Amino acid sequence: MASLLRQIVAGPRSRHPEAGLDLCYVTPFIIATSGPSGTYPQRAYRNPLDQLVKFLDYKHGEEWKIWEFRAEGTGYPDSEVYGRIRHYPWPDHHPPPFRLVGLIVAGMRNWLLEGEEKKGGKDRVVVVHCKAGKGRSGTMACSYLISECGWKPEEALARFTERRMRPGFGQGVSIPSQLRWVGYVDRWTKAGKVYVERQIEIMEVHVWGLRDGVKVQVEGYVDEGKKIKLFHVFTKKERVVVEGNTPGGGGFTDMISDMAGFQNQGRIASSKSSDQLDGGKISMPQPSESGGSSSTSVDTGAEAGGGAVIFKPSTRVILPTSDINIDFERRNKASIGWTMVTAVAHVWFNAYFEGNGPEQNGKADDTGVFEIEWDKMDGIKGSSRKGTRALDRLAVVWKAYDPEPGRGMKEDIIHEPGINSPVVDMQPADWKGVNDTSPSLGQDLGLRTESPLSADVSKASSVKSNEADDVVATSEEGVKPSGPSGEEDLDVDVSTLPQPHGNASEPTLAELNAGLDTASATTAQPMERQTSMSQMDPVNSAGFPSQVSTAGLPNGVPEDQLRDAKDHHIGHFQSAKRTIYS
């Protein structure tokens with residue numbers, strides 16, 4: 001039964017009939033695997049942790065170490081893998097906080113170089129895993145090949161796809177923002193591996209072809225990247241319709257056109273407000289005299305769209321890092337008090353790279369504009385699925401925040417740690433998986449209930465998706481195992497390998513029903529973790545400055561008081577009767 005569940009979760013993967021492990025050798029020294037689990041019921045459909053450990057012990061002895069990227073929790077304590085694990089967690093379906101990239105690849109490099117100095121013995125390997133062993137793991141495996149091995153981005157991405165994916169099931173790294181980060185890594189490498197972290201203020205968000213009923217919000221990383229928090233939701237009073245003629249307002253025909261993806265495509269470039277960006281200059285346009293009207297003076301009770309709309313925050317929106325996420329959700333009012341969420345999308349960008357920092361010796365532009373089209377944005381749960389079209393094109397006007405003009409802008413210059421230098425890792429997420437990592441975690445097209453907190457921006461808030469829906473994730477389809485030379489047959493029967501010194505038995509049904517922790521210590525005398533965030537001063541030991549507290553920013557509040565954005569789903573939701581003041 002457990003083997004059947006793993007087959008269902010894996011989708012059309014090619015699994016070794018005896019080993020039954022979902023892992024691949026990206027190169028002879030990099031292994032990518034889906035997240036193992038030492039607890040039930042997860043180990044019934046994930047890689048069983050004890051079997052993975054037996055495989056690695058058999059193939060590589062003591063010469064393996066894990067780099068994990070799961071902000072949702074690993075699913076096992078460090079002691080289960082002899083303490084040979086480094087933690088750099090961030091939320092699923094998103095790119096890493098860029099300040100972590102240099103730490104991750106430097107730690108991997110140092111581990112492998114130390115192994116080369118040893119005479120004889122088994123080959124040393126790095127084991128990377130997230131949940132599916134695809135998006136986050138692929139992003140960092142490719143980043144290592146680019147930054148430490150001199151591979152071109154297209155070569156690294158092609159290798160990961162070849163070793164991890166079955167033909168016909170798409171790319172190994174497929175999420176647009178993660179692919180953008182791989183391009184950033186290439187530029188970072190060519191510029192000497194220097195990254196400058198700054199606080200960024202969002203000045204305006206320009207949208208062309210905005211449909212009615214679209215909620216727009218700004219998000220960013222906190223807590224070392226383990227969590228994504230909501231920094232601002234644009235209200236109806238903060239949007240100015242520069243050009244009217246809302247696309248998709250023509251009834252059923254326009255709705256079908258939106259779903260097909262070609263609504264208003266021919267008119268994007270000719271928008272009246274496109275010249276107002278003017279190479280990144282920040283300006284507040286006036287409403288158009290013909291056809292356009294300001295949503296601040298004409299309130300229809302819903303989020304108004306338009307051919308060109310500008311969102312300008314009424315209070316300063318300042319993020320503590322250069323990693324910025326802009327999130328969209330479109331809702332259409334249905335009959336009998338229900339709301340249909342029909343579109344969900346978001347996009348990440350980094351202001352240091354969009355400001356040409358690597359090409360200007362680390363001196364990124366103080367202001368800039370990030371532009372992207374709807375079709376190139378991230379979809380739901382790492383897929384390309386976004387629902388109906390919510391907009392045609394987006395431009396985000398940003399500015400580096402200077403708390404004391406004239407005295408020098410505050411910025412953290414982060415160099416990649418040198419060879420044999422200590423490399424700090426991050427505080428791990430709770431391995432039991434009780435972590436609230438992302439406001440958009442579980443985003444989907446689904447039902448909504450009304451929230452008083454979002455009266456000015458949305459008549460609906462999300463109902464969380466069923467956790468069971470997450471078992472079979474679209475981002476995992478087509479993953480395959482492969483050996484050091486690319487062969488799909490791993491040629492190992494795990495059942496015949498030496499058994500670890502177990503000290504616990506399989507859980508009983510009563511224990512499962514009671515929700516007890518069933519992870520067993522299957523390894524003998526675990527080693528202590530070599531590096532711990534709690535044991536090391538990151539500034540002194542690794543040159544890694546601590547992040548700025550959000551409470552210290554203008555209009556800022558402590559991280560634990562920042563609101564999470566509502567989870568997204570597509571479908572119908574019931575709306576309660578309330579008086580909405582806009």
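I started at D223, which is partly exposed with a relative accessible area of 29%. My terms here: buried is under 20% relative accessible area, exposed is over 50%, and partly exposed lies in between (1.4 Å probe, protein chains only). D223 makes a salt bridge with K226, the closest N and O atoms being 3.7 Å apart. I count a salt bridge when a side-chain nitrogen of Lys or Arg is within 4 Å of a carboxyl oxygen of Asp or Glu. K226 counts as buried, at 9% relative accessibility.

I noted the ground rules. This is a predicted model, where local features need pLDDT of at least 70, side-chain atom pairs count only at pLDDT 80 or more, and totals for chains, interfaces and linings use all residues. Residues are numbered from 1 along each chain as its sequence is written, and side-chain values use heavy atoms, with hydrogens and water left out.

Next, the other salt bridges. I searched the whole structure and got 27 of them. One of them joins R124 and E63 at 2.7 Å, N to O. R124 sits in the loop between α3 (98-116) and β7, and E63 in the loop between α2 and β5, so the pair ties together parts that are 61 residues apart in sequence. Both R124 and E63 are buried. E162 and R159 also meet in a salt bridge, at 3.9 Å, N to O. Both lie in helix α5 (residues 153-164), 3 residues apart, about one turn of the helix. E162 is partly exposed, at 47% relative accessibility.

Then I looked at the sheet. Helices (H or I, at least four residues) and strands (E, at least two) are DSSP runs, numbered from the N terminus. Two strands pair if DSSP finds at least two bridges between them. I found 5 strands in an open sheet, ordered β1-β2-β7-β5-β6, with mixed pairing. Its edge strands are β1 (23-27) and β6 (85-90), each pairing on one side only. β1 pairs with β2 (residues 30-33) in the antiparallel sense over 4 bridges. T27 has I30 in β2 as its bridge partner.

Helix α2 (residues 49-60) lies across β1, β2, β5 (64-70) and β7 (125-129), at about 40 degrees to β1. Axes are lines fitted to C-alpha atoms, for helices over the stretch in contact (heavy atoms within 4.5 Å). Angles run from 0 to 180 degrees between N-to-C directions.

Last, the whole chain. I listed 10 helices and 22 strands. Of its 582 residues, 57% are buried. Among contacts with a separation of 6 or more, 80% come from residues 24 or more positions apart.
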